[in-house]
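Here is a short report on charged side-chain pairs and sheet packing. Please read it alongside the sequence and the model.

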Amino acid sequence: MAVMEFANVSFRYPTSKEQVLKEVSFQVQKGEFIVLCGASGSGKTTLLKHMIKSQIPIGIGSGSMYFAGADIETMDDRVAASQIAYVGQDPEHNMVTDYVWQELAFGLESLGMSVPQMRRRTAEMAEYFGLESLFRKRTAALSGGQKQRAAVARALITNPQIILADEPTGALDSKSTDQLLELFSKINGRGQTILMVTHSTKAASKAGRVLFIKDGEVFHQIYKASMTDEEMYTKISDTLTVLATGGESLE
């Protein structure tokens, strides 16, 4: 069974006659690292937000979205929050508490954990993500890269089935970007399913599959298979060139 499935999803905002999404269908299998690529306004972020119960856009839509076989719109909010994790673009907005240890513990109470269990879990995640020295620091004092790392740690602490990431490297410098991409590759290597939106060809080249969204539709996809990051980068760049020049197909 797919972790996530989009079945003929169409959508438009109330103030527009144009469809943002046009009968989009694809599945995300367990353990996949998938990237959605496309120009601004192509619909990729709107598509991602359809799977986040707190951010489902208001508009006119059709089709179905499933998580582990269940309709996302009928899922219990607490189950959805613990199993579908989200990391946004802005490090500042990703922080929801005052201290790093609070950030990691955020959401664990809803799982019914005891205080000792929560302490053990937050300590494990701090060690895994290299946040031990920052554990007692205020989140406001962290760098952008540190905030994103803490946000990913917070997202993973409930053992979610999937992480949804919307341009997570968009506000980072090159060094922090490299570190975050290495982190995503590491957790995916341990079986974590990731669905990420990005404009970055470099970020997309780390994924196992890239879906290209054009005018609200899936235009093309590339499987990495045995390609190196460099080879994947070239394939993605070539496809983006076709998209930018108005190409209609890509074999």
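A salt bridge here is a side-chain nitrogen of Lys or Arg within 4 Å of a carboxyl oxygen of Asp or Glu. The model is predicted: local features need pLDDT of at least 70, side-chain atom pairs count only at pLDDT 80 or more, and totals for chains, interfaces and linings use all residues. Residues are numbered from 1 along each chain as its sequence is written, and side-chain values use heavy atoms, with hydrogens and water left out.

**Salt bridges**

The whole structure holds six salt bridges. The table lists three of them, including the D229 pair.

| Pair | N to O distance |
|---|---|
| R154 and E103 | 2.3 Å |
| D229 and K206 | 2.9 Å |
| E124 and R121 | 3.6 Å |

Helices (H or I, at least four residues) and strands (E, at least two) are DSSP runs, numbered from the N terminus. Buried means under 20% relative accessible area, exposed over 50%, and partly exposed in between (1.4 Å probe, protein chains only).

Take the salt bridge of R154 with E103. R154 sits in helix α6 (residues 144–156) and E103 in helix α4 (residues 100–105), so the bridge ties together parts 51 residues apart in sequence. R154 is buried at 13% relative accessible area. E103 is buried too, at 0%.

E124 is partly exposed at 45%, whereas R121 is buried at 15%.

D229 bridges to K206. This pair links distant parts of the chain: D229 is in helix α9 (residues 229–244), and K206 is in the loop between α8 (201–204) and β9 (209–214), 23 residues away. D229 is partly exposed at 24%, and K206 is partly exposed at 27%. Shared partners join K206, K224 and D229 into one salt-bridge network.

**The sheet**

Two strands pair if DSSP finds at least two bridges between them. Six strands form an open sheet in the order β6-β7-β8-β3-β9-β10, with mixed pairing. Which strands stand at the edges? They are β6 (84–87) and β10 (217–223); each has a single partner strand, so one side of each lacks a neighbour in the sheet.

Strands β3 (residues 33–37) and β8 (residues 193–197) run parallel, joined by four bridges. F33 stands opposite I194 in β8. Helix α7 (residues 174–189) packs on the sheet and touches β3, β7 and β8. Contact means heavy atoms within 4.5 Å.

Definitions and conventions: Axes fitted to C-alpha atoms, helices over the stretch in contact; angles between N-to-C directions.
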